[in-house]
Amino acid sequence: MPILDLDLRDYRTRVSVIGSPLSREGIAYAFRRHRSEPWTLPMLISKGMLSPMAAGLISFLMDGQSTVLVAGDVGSGKTSILTAMILEIPQKYRILTIEDTPEIPIEKVQKLGWKVQSLSTQSPVAGSISEVKPEVALRAALRLGNSALVLGEVRGPEVKTLYEAMQIGSAGNSVLGTIHGASTQAVYERIVNSLSVTPQSFKVTDAVIVCA
């Protein structure tokens, strides 16, 4: 197996490695370190990443149990915005996160008083057969009852299941997720045309936030 994907949990760092025969000229590494302290909307405002008006709108959407997708390219700040949105969900709700790559600082969010349960799923690159597939984890999450759902990344067949659940009202409170896409139109095209979600089902999406 020329691909290795793992977490250095003590350092909150994700490591990706490729080697022979995929990389014939030697081993290549990539390290991605995640922030240990969760971003909040006031922090994002102070760094000039959000206007107070935009932050207020996001807070309003979370208070209203909205369905929101956060789009953008790699490194655009999708997970930072997503984490800040989680902290705007009322603490009375349980939050279920589904991630194949652990990026949301779950432990810190729990210490701040939010009821968060994380579900780990199979990596899309070099996942083990012993790991749970995202669509299976999603079905398990839906069976756990009324909860806010957070998908670390929207990209596979589980999305069709999610939208069907949202359309009939069985997906709980807020539903949040990140997705690769540079515009709202690109997000629509990917979900409807590439991931086979019907246009009628997509209508349950309340907002798309594009990070640039």
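The lining of the largest cavity in this predicted model consists, by class, of 9 nonpolar and 2 polar residues, with no charged residues. The residues concerned are Thr-67, Val-68, Leu-69, Val-154, Val-159, Leu-162, Tyr-163, Met-166, Val-175, Leu-176 and Gly-177. Under the classification applied, Gly counts as polar. The space in this cavity amounts to about 40 Å³, and the structure holds 1 cavity of 30 Å³ or more.

Three elements of secondary structure each contribute at least two residues to the cavity lining: strand E4 (67-72), helix H6 (158-167) and strand E8 (175-180). Helix H6 provides the largest share, with 4 residues.

The volume of the largest pocket is about 1000 Å³. This pocket is lined by 46 residues, of which Arg-32, Asp-100, Thr-101, Glu-103 and Glu-153 are the closest to its centre. By class, the pocket lining divides into 15 nonpolar, 16 polar and 15 charged residues.

Several elements take part in the pocket lining. At least two residues each come from the strands E1 (3-8), E2 (13-18), E3 (28-33), E5 (94-99) and E8, and from the helices H3 (78-86) and H5 (134-143). The largest share, 4 residues, is supplied by H3. Strand E8 supplies at least two residues to the lining of the largest cavity and at least two to that of the largest pocket.

Conventions: Residues numbered from 1 in each chain as written. Predicted model: local features only at pLDDT ≥ 70, side-chain atom pairs only at ≥ 80, totals over all residues. Heavy atoms only, no water. 1 Å grid on protein atoms, 1.4 Å probe; cavity = no way out; pocket = protein on both sides within 12 Å on 5 of 7 lines; lining within 4 Å. Points joined across faces, edges and corners; volume = space filled by probe spheres on them.
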